[in-house]
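Trainee: I would like to learn how to read a model with two chains. Please take me through it step by step.
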Amino acid sequence: MPDLSFVFAQSLSGLTAAMFLFLIASGLSLIFGVLRVLNFAHGTFYMLGAYSAYQIVQWLGTGPVSFWVAAFGAAAGVALLGGIVERFLFQRLYGKEELYQLLFTYALVLVLGDVAKIIWGTQQKSLSRPPGLTGALSLFGATIPYYNLFIILLGPAIALGFWFALQRTRAGRFIRAAALDRETLGALGVNVNALYTGVFVLASFLGGLGGALITPMRAIVPGMDTEVIVEAFVVVVIGGLGSFWGTFLGALIYGQVLSFGILFFPRFSIFSIFALMAAVLIIRPWGLLGKPLK
Amino acid sequence: MKTLSRVPWALVVLVAAFFVPAAGSRYYTFLANDVVIWALFATSLNLLVGYTGLVSFGHAAYFGIGAYTTGILMKKLGVPFLLAFPAAGVAAALFALVFGFFCVRLTRIYFAMLTLAFAQIVWAICFKWNEVTGGEQGMPEIPYPAFDWLELVAAWLPFVGGYRTSEHFYFLTLVLVAGCLWLLRRVVGSPFGRMLTTIRENPERAEFIGVNVRRYELAAFVVAGAFAGLAGGLFGIFNRGVFPDFAYWTKSSEVLIMTLLGGMGTFIGPALGALVLIWLNQQIVSYTQYWPLILGTILIVLLFVFPGGIAGALESAARRFRRRRQVA
């Protein structure tokens, strides 16, 4: 049995991974919940967020706030791109077969992935941690970088903010209504198309932000898009496609299974993740906290 | 017009394909071999997506299982091709039976997700189980089938001798794939195949007239898996090695694109898609490394402009042509 401080450190690293995944997967889940589309390009938005953040830091230099400006600038840029793609292309595919929608998002993966390669090359890139969060905290014999702590706190903060927006604001009510019955909502005079664009923009923003914030911890490389999208799929499937707290729970489970799986069964950790996903789909296709689709 | 449709086109194409090594270079034989194997893989997927209306996002799993089965049997256990090839189909069919049992219970998007999850499980196992699958490095140097007997035949028949092993393998692939496609054609045309189309069009009504929809879907899943496995078995040998990315989710989407490009729901569509896509790939790769960009653009144009794929576009063009002739 490994000692407790090690277990503690391991669970914190799992928690950090979970909060990142939550950030990304919540966007994916939002799009599925409202638009009923699995967006393969969501991983690509995440990758573009990472590259854009890198690019903005290159332009700004390493000032005290340049990382934060870069992170939000990158997320905003990706959100804009998401909005354009939805407004001008994706909107024409609503009501067509699911396969076409799936393949369209996959086409975006191919095109945007290569565009990123053309702009930034295939060399891996990285950013250093923002000033003020470079140190580490010693807690119960484990060393936790401040940046990880920041991410661990940011995840729940975004989750709460999100939940509040969905429950208490007018736009949030519309989004929930659109997820339940888009025709009725349209008949009641709500501009459903604009709402969909808004949801896509918001989801892309979350994906881009996740990508931008992960840059101090993981290298920015081509291929990070197809890797993360599978992880995000697992998270939303376990939690329940379209369910907000389900995504949160799914991310927590994923993070812990992965970080302890690597510890105890290094060779079966990826396997166990997908096995968990398959098991959830078999037993409760709508996920742990989701509701069955009508 | 009538005389044109009476020509046995499948036979003509098959015979023409036999002359590729003699007429073209080694490169063209290589390309033709690639096309033929992918044509089988894509056609097997079409049975699910095009004919039954089940969108599988994990069809590469059965391709990978077939490739590993033949590869392991031939390389590690020295089993002859004659046994190792059908074994690929049997192994893939068995896995398809188990996975499919769960998948057909789910509807639409969840079906796609579960097929994806199972494919990723297969990929993860191939990726990590070093002792059996060679892990991340894969399994290089799968031997060619033994062609000694061909030399004996060559003494009796003209045109058979004097070819390289890779060309012998191409001939073997042609014969086997032609046989598989013929079988699949029979399946599609049979009452069973018609019932699959009924299920695609209206599963509720099929249920009402007393069809066990799930059982039919499962059967289609197993047949499609088996033929994908056979394609995989051939591909491992052709590729001179079997690698985990055979079962990765991006492979599943590649074959889906092929099927869509050629035209779903038409029998020759996917084979046409395989031909066009592989040929395009070879042409474009010599100019630029950004093949995915081109492929993605093709896919977007296809989705917005020609959702019926090549076969669909040809059919509507032919219909227009015929109508004009009638008017004139």
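Mentor: Start where the chains meet. This is a predicted model. In it, 28 residues of chain A are in contact with 33 residues of chain B.

Trainee: Which helices of chain A each supply at least two residues to the side that touches chain B?

Mentor: They are α4 (98-120), α9 (224-239) and α11 (269-283) of chain A. α4(A) gives the most to that side, with 13 residues.

Trainee: How do the residues on that side of chain A divide by class?

Mentor: The side of chain A that touches chain B has 22 nonpolar, two polar and four charged residues.

Trainee: Now the chains themselves. How many helices and strands does chain A have?

Mentor: Chain A has eleven helices and two strands. Its pattern along the sequence is α-α-α-α-β-β-α-α-α-α-α-α-α. Chain B has 17 helices and two strands.

Trainee: What does the radius of gyration say about chain A?

Mentor: Compare it with the value for a compact globule. For 294 residues that value is near 19 Å, and chain A has 19 Å, so the two agree. The C-alpha atoms of chain A fill a box of roughly 60 × 50 × 35 Å along the principal axes.

Trainee: And what does the radius of gyration say about chain B?

Mentor: Chain B has 328 residues, for which a compact globule would be near 20 Å; chain B has 20 Å, so it agrees. Its C-alpha box is roughly 55 × 50 × 40 Å, again taken along the principal axes.

Trainee: What share of each chain is buried?

Mentor: In chain A, 49% of the 294 residues count as buried. In chain B, buried residues make up 47% of the 328.

Trainee: How much of the contact set comes from residues 24 or more positions apart?

Mentor: Take the contacts with a separation of 6 or more. Residues 24 or more positions apart account for 76% of these in chain A. In chain B they account for 77%.

Trainee: Next, helix packing. What describes two packed helices?

Mentor: Two things: the angle between their axes and the distance between the axes. Take helix α4 (residues 26-52) and helix α10 (residues 165-189), both of chain B. They pack at an angle of about 20°, with axes 9 Å apart. That angle makes α4(B) roughly parallel to α10(B). The crossing of α4(B) past α10(B) is left-handed.

Trainee: Which residues meet there?

Mentor: From α4(B), the residues include Val36(B), Ile37(B), Leu40(B) and Leu47(B). From α10(B), they include Tyr170(B), Leu174(B), Val177(B) and Leu181(B). By class, the contact of α4(B) with α10(B) has 14 nonpolar, five polar and one charged residues.

Trainee: Let us finish with single residues. Is Phe81(B) buried or exposed?

Mentor: Count its C-beta neighbours. Phe81(B) has 22 inside 10 Å, so it counts as buried. It is found in helix α6 (residues 81-103) of chain B. Beyond its neighbours within four places in sequence, Phe81(B) is in contact with Met74(B) and Pro145(B). Its C-alpha atom is separated by 15 Å from that of Asn239(B), 158 residues apart along the chain.

Trainee: How many other C-beta atoms lie within 10 Å of Arg87(A)?

Mentor: There are 15, so Arg87(A) is partly exposed. Arg87(A) lies in helix α3 (residues 66-88) of chain A. The C-alpha atoms of Arg87(A) and Pro156(A) are separated by 31 Å, with the two residues 69 apart along the chain.

Terms used. Residues numbered from 1 in each chain as written. Chains lettered and ligands numbered in written order. Predicted model: local features only at pLDDT ≥ 70, side-chain atom pairs only at ≥ 80, totals over all residues. Axes fitted to C-alpha atoms, helices over the stretch in contact; angles between N-to-C directions. Helix = DSSP H or I, 4+ residues; strand = E, 2+ residues; numbered from the N terminus. Parallel < 35°, antiparallel > 145°, perpendicular 65-115°, else oblique. Left-handed = near helix turned anticlockwise from the far one by under 90°. Contact = placed C-beta atoms within 7 Å. Nonpolar A, V, L, I, M, F, W, Y, C, P; charged D, E, K, R; others polar. Rg over C-alpha atoms; globule rule 2.2 N^0.38 Å. Buried ≥ 20, exposed ≤ 12 C-beta atoms within 10 Å, placed from the backbone.
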